[in-house]
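Hello,

Here is the structure you asked to look at. My notes follow below it.

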Amino acid sequence: MTGYLYEKDLSAMKYAILTSTRHDRVVRSIAEELNIPQIKLRKWMIDHFDMMLLENLPARYDQGRMARETNPPLEKKIGAALYTRAVPLISDGEMERIKKEVYALVKEGRPENDAVLAGREMIRDVILQ
Amino acid sequence: MKRTVDVSIPIGPIHPCFKEPARVKCETKGEFVLSAEVELGYMKKGIERIMRGRPWQEVMFLAERVCGICSVIHNMVFIEALEQMSAIFVPDRAALLRVIVNELDRMQSHILANFSYCYTIEHETLAMYLLDVREQVMDELERITGARVTCAYIVPGGVRFDLRHEDALHLKANLAAIEGEVVRYMHMFESGPLIALRSRGIGVLTREAALEAYAVGPTARASGMPEVDRRLRHPTYKTLGFSPVSRTEGDNYARIMVRFQEVLESIGIIRRCLDMLPEGPIRGGGIPGAGEISYSGEAPRGELSYFVKTDAAGRVLDISIQTPSIMNIEACCHYMLKGVTSLADVPSTFVSADPCIACTER
């Protein structure tokens, strides 16, 4: 033993949490929606989330998806509250910027689905940058 | 999550007031807590992995070993999940006996949680009184099931032992004594000026934050969310005219008071069960078969969910357990502890959420 147990790298423990049945379902679902490779999303979560947030990820995600139903239609499709409050992948400030840009695209005449896809791409860029 | 702050204070993994090891890392500015993290990994059991591939007859015993404090509800939720999956009938007498044992388990768990809190705020007298009354509840649990913990009382289609007439009389008499003592201790807690100083307005969890973190059980009910009580959706509880306890303050005081009030509510539920207890069999028979189900029940700390997948022989192919402490500890470290103005309030706020590390590190 050369170090204290509580000072060691927690990545392995965090990875073990993320690969359980329910967590894996959540990671796959987010990765699919945002078009991010699962492995990159897992790595990002391990680097940025603490252990309790990771443990609670499925409950937060399910709760966030339920709350999403009450959001305005465009924000619901982008996952504005889901990816900032429930699963905090990006900051509120970044999401505000993305929302403004998506609303601007719709105003310019872009179909709503295209604007949503562009919004999700922006979220992905923020996560992967 | 890393930021530059005045001081980073680790509390735990070994702390005299924590029942189990967990490390709370607080980033502070003076005594003011800016943020907190809880690190786990000191007692990971990997019990879900151990359960996979085993027959249900073994898994039912493993399930109640997830947690030593609320073992009855783990047993109950796992067995009821199997029963739902395989349409196994439970006789009325057995269903009510399950509720009696589950409520006794809830009572001892709540009293233990309140003991821990009183001990953490250094009110040792009240803490010891509470431990004493918990022993009386444990004695009743032992009288009915034959064991204090890991009772394995609930089996598919019924319960293991019947309640004898003399035991029912003893339980009724003892409940009256326990009720009197709990009411007395609750008033001591309510009226203690020093208790109020350490508890009121501290570790506040707002309803919005509780919703966001999906807080459950008494932690959520103390923040004005009575609807989170899973007992409201349980067929046997529905027949008992039960209404959940709720408060709106959302602070340490409210969480402890909700547990006191729930102990009294549990006594009422047990009395109603004893009054309604019909004569009849305690086992309806039935063998779990193949299926897949997600089933939830109300543990002492909140919603406990089991996802179970079995094959035709009743072997567990996949299982996933979502324990209430996962949500409550997360709500505690990211919402309640944030903004606490004294480091002395960190352990008490943490304990007020009744964190069960054994459940979390299942």
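**Cavities**

The count comes to three cavities of 30 Å³ or more. A cavity here is a set of points, on a 1 Å grid over the protein atoms alone, where a 1.4 Å probe fits but cannot get out. Grid points are joined across faces, edges and corners, and a volume is the space filled by probe spheres set on the points.

Two notes on the source. This is a predicted model: local features need pLDDT of at least 70, side-chain atom pairs count only at pLDDT 80 or more, and totals for chains, interfaces and linings use all residues. Residues are numbered from 1 along each chain as its sequence is written, chains are lettered from A in the order in which they are written, and side-chain values use heavy atoms, with hydrogens and water left out.

The largest cavity holds about 90 Å³ of space. Its lining residues (an atom within 4 Å of a point) include Cys17(B), Phe18(B), Lys19(B), Phe350(B) and Asp354(B). Helices α4 (92–120) and α13 (345–352) of chain B each supply at least two residues of that lining. Helices are DSSP runs (H or I, at least four residues), and strands are too (E, at least two), numbered from the N terminus. By class, the lining has seven nonpolar, one polar and three charged residues. Asp, Glu, Lys and Arg count as charged; Ala, Val, Leu, Ile, Met, Phe, Trp, Tyr, Cys and Pro as nonpolar; the others, Gly among them, as polar.

**Chain A**

Chain A has nine helices and zero strands. Its C-alpha atoms fill a box of roughly 65 × 30 × 25 Å, taken along the principal axes.

**Where the chains meet**

20 residues of chain A are in contact (heavy atoms within 4.5 Å) with 33 residues of chain B. The two chains bury about 2300 Å² between them, 54% of it on carbon and sulfur atoms. Buried area is the accessible area (1.4 Å probe) that two parts lose on being put together, summed over both.

Four salt bridges (a side-chain nitrogen of Lys or Arg within 4 Å of a carboxyl oxygen of Asp or Glu) are counted between chain A and chain B. One joins Arg362(B) and Glu55(A) at 3.4 Å, N to O. On the side of chain A that touches chain B, α2 (21–34), α4 (51–55) and α5 (57–68) of chain A give two or more residues each. That side has nine nonpolar, five polar and six charged residues.

Over all chains, the count is 39 salt bridges. Arg60(A) and Glu212(B) form one, at 3.9 Å, N to O. Arg60(A) lies in helix α5 of chain A and Glu212(B) in helix α8 (residues 207–212) of chain B, so this pair joins two chains.

Best wishes

Conventions. On a 1 Å grid over the protein atoms alone, a cavity is a set of points where a 1.4 Å probe fits but cannot get out, and a pocket is an open set with protein on both sides within 12 Å along at least five of seven lines; lining residues have an atom within 4 Å of a point.
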